[in-house]
Amino acid sequence: MAANFWTSSHYKQLLDQEEVDVVQPLDKEKGITLEDFKLIKMHMANYIGRLAQNVKVRQRVVATAITYMRRVYTRKSMTEYDPRLVAPTCLYLASKAEESTVQARLLVFYIRKIYSDEKYRYEIKDILEMEMKILEGLNYYLVIFHPYRALSQLLKDAEMNDATQLSWGLVNDTYKMDLILIHPPHLIALACIYVASVLNDKESTTWFEELQVDMNVVKNISMEILEFYDYHQKITDERINAAMNKLSLKQ
């Protein structure tokens with residue numbers, strides 16, 4: 001396992017936004033747009049979060065599972081890899097990778113409790129089969145570096161421990177976006193601290209200036225986070241259902 005982000009497979013697999021925002025040809029044939037693509041991934045991130053609450057795993061497992069899911073869809077189509085199966089399978093795989101193993105049968109049990117829709121109904125064997133496909137889709141690279149560790153260290157250094165809860169919540173929300181596939185985790189953490197300092201009206205300019213980071217990147221990530229909140233308010237169940245229904249269309 002790589003102890004250093006800069007020598008890790010995670011760093012080597014960082015992508016540009018244009019590489020992440022690619023709808024696969026099979027999905028395009030079903031009429032799935034880039035907006036649909038983003039809505040489905042966000043819906044699946046929420047699904048993973050709901051499942052995780054029921055099976056009681058740490059937030060880090062949730063973050064790893066969502067990262068796996070998002071990374072898979074930079075390479076595979078939703079038509080071939082049904083998100084309704086990929087999401088719980090990524091949680092299953094992440095629980096093992098993060099040494100908080102959850103049994104597949106427990107996931108199947110809670111899936112049935114959460115969703116009455118037959119399209120979400122999968123058996124243990126389905127999860128185990130999809131696990132192998134996801135491993136292949138990830139090129140067997142399972143180590144993920146998250147912003148949480150850097151966040152705690154940076155907040156302490158900035159003497160902004162009073163912003164811990166807000167900053168932590170902001171980091172959690174970044175997994176509803178693709179930021180973890182594009183930016184190093186410490187820059188995401190810094191962006192969340194920057195947003196928290198603005199929201200709390202706390203003067204932190206001097207501290208940020210002393211850091212050896214590109215503040216333009218930090219501010220751009222911050223803007224993406226704030227723009228996401230504006231966008232998120234306009235998302236309705238109808239829009240998500242319309243996007244999900246396209247997946248079920250026969251070709």
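I started at methionine 69, which is in contact (heavy atoms within 4.5 Å) with Lys41, Met44, Ala45, Ile48, Val86 and Cys90, leaving aside its neighbours within four places in sequence.

**Ground rules.** I noted that this is a predicted model, where local features need pLDDT of at least 70, side-chain atom pairs count only at pLDDT 80 or more, and totals for chains, interfaces and linings use all residues. Residues are numbered from 1 along each chain as its sequence is written, and side-chain values use heavy atoms, with hydrogens and water left out.

**The core.** I looked up where methionine 69 belongs. Met69 and Leu91 touch the most other members of the largest nonpolar core, a set of 88 residues. A nonpolar core is a set of buried Ala, Val, Leu, Ile, Met, Phe, Trp, Tyr and Cys residues joined through side-chain atoms within 4.5 Å. Which helix gives the largest share of this core? Helix α4 (residues 34-55) does, with eleven residues. Helices are DSSP runs (H or I, at least four residues), numbered from the N terminus. Both domain 1 (11-143) and domain 2 (147-233) give residues to this core, so the core lies between them.

**The domains.** I then checked the division of the protein chain: domain 1 covers 11-143 and domain 2 covers 147-233. The bounds come from an automatic or database domain assignment. How far apart are the C-alpha centres of the two domains? They lie 25 Å apart. Across the boundary, 19 residues of domain 1 are in contact with 15 residues of domain 2.

**Helix α6.** I turned to α6 (residues 83-97). It has 15 residues and reaches 20 Å from its first C-alpha to its last, close to the 21 Å expected at 1.5 Å a residue. The expected span is 1.5 Å times one less than the number of residues. The helix is mostly covered, with 13 of its 15 residues buried. Buried means under 20% relative accessible area, exposed means over 50%, and partly exposed is in between (1.4 Å probe, protein chains only). Which residue caps the N-terminal end of α6? Aspartate 82 does: a side-chain oxygen lies 2.9 Å from the backbone nitrogen of arginine 84.

**Helix α12.** Eleven of the 15 are buried, so I wrote it down as mostly covered. Among the buried ones are Leu187, Ile188, Leu190 and Ile193. What do the buried residues of α12 pack against? They pack against α9 (147-157), α10 (164-174), α11 (179-182), α13 (205-210) and α14 (215-233).

Cysteine 90 is buried, at a relative accessible area of 0%. Cysteine 192 also counts as buried, at 0% relative accessibility. I searched the whole structure for disulfides (pairs of cysteine sulfur atoms within 2.5 Å) and found zero.

**Loop residues.** Next came the loop between α4 and α5 (59-72), where I found lysine 56. Lysine 56 has a positive phi of about 60 degrees although it is not a glycine. Is lysine 56 buried or exposed? It is exposed, with a relative accessible area of 69%.

Valine 57 is found in the loop between α4 and α5. At 18% relative accessibility, valine 57 counts as buried. Not counting residues up to four places away in sequence, valine 57 touches Ala52, Val62, Leu91, Ser100 and Val102. Valine 57 and serine 100 are 43 residues apart along the chain, yet their C-alpha atoms are separated by 6.8 Å.

I moved on to the loop between α12 and α13, which holds aspartate 201. Aspartate 201 has a positive phi of about 55 degrees, although it is not a glycine. Aspartate 201 is exposed, with a relative accessible area of 71%.

**Aspartate 126.** My last entry is in helix α8 (residues 124-137), where aspartate 126 is found. Aspartate 126 is buried, with a relative accessible area of 17%. Its side chain makes a polar contact with the side chain of lysine 125 (3.4 Å). A polar contact is a pair of N or O atoms within 3.5 Å; within protein, one must be able to donate a hydrogen and the other to accept it, and residues adjacent in sequence count only if both atoms are side-chain atoms.

Conventions. Helix = DSSP H or I, 4+ residues; strand = E, 2+ residues; numbered from the N terminus.
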